[in-house]
Amino acid sequence: MREALLMGQPGAGKSEILRALARTARRRMERGRAAGFPAAGRPPGAPGLPGEALVLSLGRWGRLRVWEVPGLGSRPLPDPGLRWLQSRALALAVTSGLVLHVVDAAAVGARGKEALEEADWELAAVGLRRGDGYLLLAAQMDRPWAATGLERLRRWLEPPAVLPVSARTGEGIAGLLRYLRRVRPLRPLGSR
Amino acid sequence: MVAVSFPAELWRRVEAGTLSPGEALRLFRTGSAPTAGTPGDLSGSPSPSRKSRVPARTGPEAGGEAAEAERLRQSLAVLAELDALVGLEGVKRSVREIGAMARVQELRRRAGLATGAMTLHMVFTGHPGTGKTTVARILGRFFQALGILPRGHLVEVERADLVGEYIGHTAVKTRETIRRALGGVLFIDEAYSLARGGEKDFGKEAIDCLVKAAEDHRQELLVILAGYPAEMEWFLVQNPGLQSRFPIRIHFPDYSPAELYQIAEQMLAEQQYRLTADARAYLRGKLQGAGWSFAGEAGNARAVRNLLERALRCQALRLLDRAHLGREDLMTITRRDLEEACRSW
Ligand SMILES: Nc1nc2c(ncn2[C@@H]2O[C@H](COP(=O)(O)OP(=O)(O)OP(=O)(O)O)[C@@H](O)[C@H]2O)c(=O)[nH]1
Ligand SMILES: Nc1ncnc2c1ncn2[C@@H]1O[C@H](COP(=O)(O)OP(=O)(O)O)[C@@H](O)[C@H]1O
Ligand SMILES: [Mg+2]
Ligand SMILES: [Mg+2]
């Protein structure tokens, strides 16, 4: 199963995007074992884990699991279970995972570079190398300053691909879903 | 040790809580293993800012007073963005007045009070690069925040997007363009070119179609006709029907040399560059200098942006054969960079 990782700062809008995607796809979120989540390693026992994922069928290409990575902030999270998920996501992000980098465009429009974390700059750098394996989601486009933020994100992060979205108005969500449904495995099926 | 455990060691440190995700990614990029016991070592990081974000947001609010307060907050935020533009004092005042008036009308309408029919379609006159598109984009978001436009996005078009090549084609094209703009702002650049070809031209058909849409969709579409002052004057005289349907006129004057200089400083600061003292003096001189006019048709703020973009490229070239570049070097634009940029004008 391929993994698509919603990654970004706390509050960037990851959860809302995932919810909007599920609504648009008319699919319920899968939990625990049904989601095949977590895929490997020790089960994160800590409460408050996302523990759920949106599983999309890619037809003969298998399935894609979309899930939210706990917010990438400036310091380590206190919860060990969440850190475990982050570490797994980072390993995937630089290899076979599809990185959906979520940035609050309105915050960037209003506060400029201060609204970006080191993790944002670094994820964008990963994006430059990953190419197809990376998509920047300029989120919360319905809020004021977001258009300015979008323009800045294009200039500052130079993402290979960017999609403006708003979970509130639904802008870009159907497009994101179409994009995800077209995702192909990077390696032949069965290699993972 | 590095070879064996990299990058697994990085991810393990994230899990252990001794490395932040951003740090781990940076170390992965630079290919360094974390130094034991110094997870906070950030020397040499290229990230311009690692300040933690201040959560300052409000949740989704349903209707009523809370929604109205949120609207007000959003519209003030958009106005702050307008205020951040250099100069344009008259334009800023007009936008504020129109917004204030439209807001009261909208609130009166919702309160069941009598409202005069308010037509918000506008004509923007001014030379290229005087900020017409920039202000139109802000205006859309301002009206959206005020609850006057549902979406507030900007669709910028020109003659070619409206006028077709055969009979019937124009109406289809124009209608499609209007459909895209519904809920927001339809910005027609160099609108006078629609009347270029005279009576038989399809441009005439596009104008009629626009006028009709501007009336029919008054509640959900703001149409802005933009162009050079003289040509727009002529255009409106040629089409008297337009005058009453586009009652608001906003003129964008050319920027003064001092304003252009300020715009340049703002653009550079935004991209984290700065000028040496020498370069500053040179740029001031250039912007004022006779025979080198940025005003009028030369492109105003856009010409400044283009000049600066060339200067950045000249800087990059200047640094090409230098091995060790510090932050300072990477941020500095010298007089020579600007001179080169002016030469390749
Ligand atoms: N206006 C608007 N608000 C949004 C949008 N998306 C998210 N928000 C708001 O932003 C806040 C954070 O959104 P979440 O989706 O929970 O953020 P997150 O990235 O999952 O945050 P963490 O789980 O803490 O890492 C919430 O208050 C949302 O209501 C959007 O598209 N438009
Ligand atoms: N007052 C201003 N302050 C800062 N930047 C400005 C200002 N006016 C214009 N600019 C910049 O100049 C460029 C051209 O502006 P634009 O709005 O496209 O002009 P127009 O539509 O009148 O041709 C844009 O990059 C814009 O950001
Ligand atoms: Mg969340
Ligand atoms: Mg323009």
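This is a predicted model: local features need pLDDT of at least 70, side-chain atom pairs count only at pLDDT 80 or more; totals for chains, interfaces and linings use all residues.
Figure 1. Helices (H or I, at least four residues) and strands (E, at least two) are DSSP runs, numbered from the N terminus. B:Ala279, B:Tyr282, B:Leu283 and B:Leu287 of α13(B) are buried (under 20% relative accessible area; exposed is over 50%, partly exposed in between; 1.4 Å probe, protein chains only). The face turned away from the buried side carries the exposed residues B:Ala277 and B:Gln288.

**Figure 2. The magnesium ion (ligand 3).** A:Ser15 (OG) and A:Glu68 (OE) coordinate the ion at 1.9 to 2.2 Å; donors are N, O and S atoms within 2.8 Å of the metal (3.2 Å for Na, K and Ca), and sites may look incomplete because water is not among the atoms. A:Ser15 lies in helix α1 (residues 14-25) and A:Glu68 in strand β4 (residues 63-68) of chain A, so the pair ties together parts 53 residues apart in sequence. A:Ser15 is partly exposed, at 29% relative accessible area, whereas A:Glu68 is buried, at 18%.

**Figure 3. Pairing of strands β5 and β6 of chain A.** Strands β5 (residues 98-104) and β6 (residues 134-139) of chain A pair in the parallel sense over 6 bridges; pairing requires at least two DSSP bridges. A:Val102 stands opposite A:Leu137 in β6(A).

**Conventions.** Residues are numbered from 1 along each chain as its sequence is written, with chains lettered from A and ligands numbered from 1 in the order in which they are written. Local features need pLDDT of at least 70, side-chain atom pairs count only at pLDDT 80 or more, and totals for chains, interfaces and linings use all residues, while side-chain values use heavy atoms, leaving out hydrogens and water.
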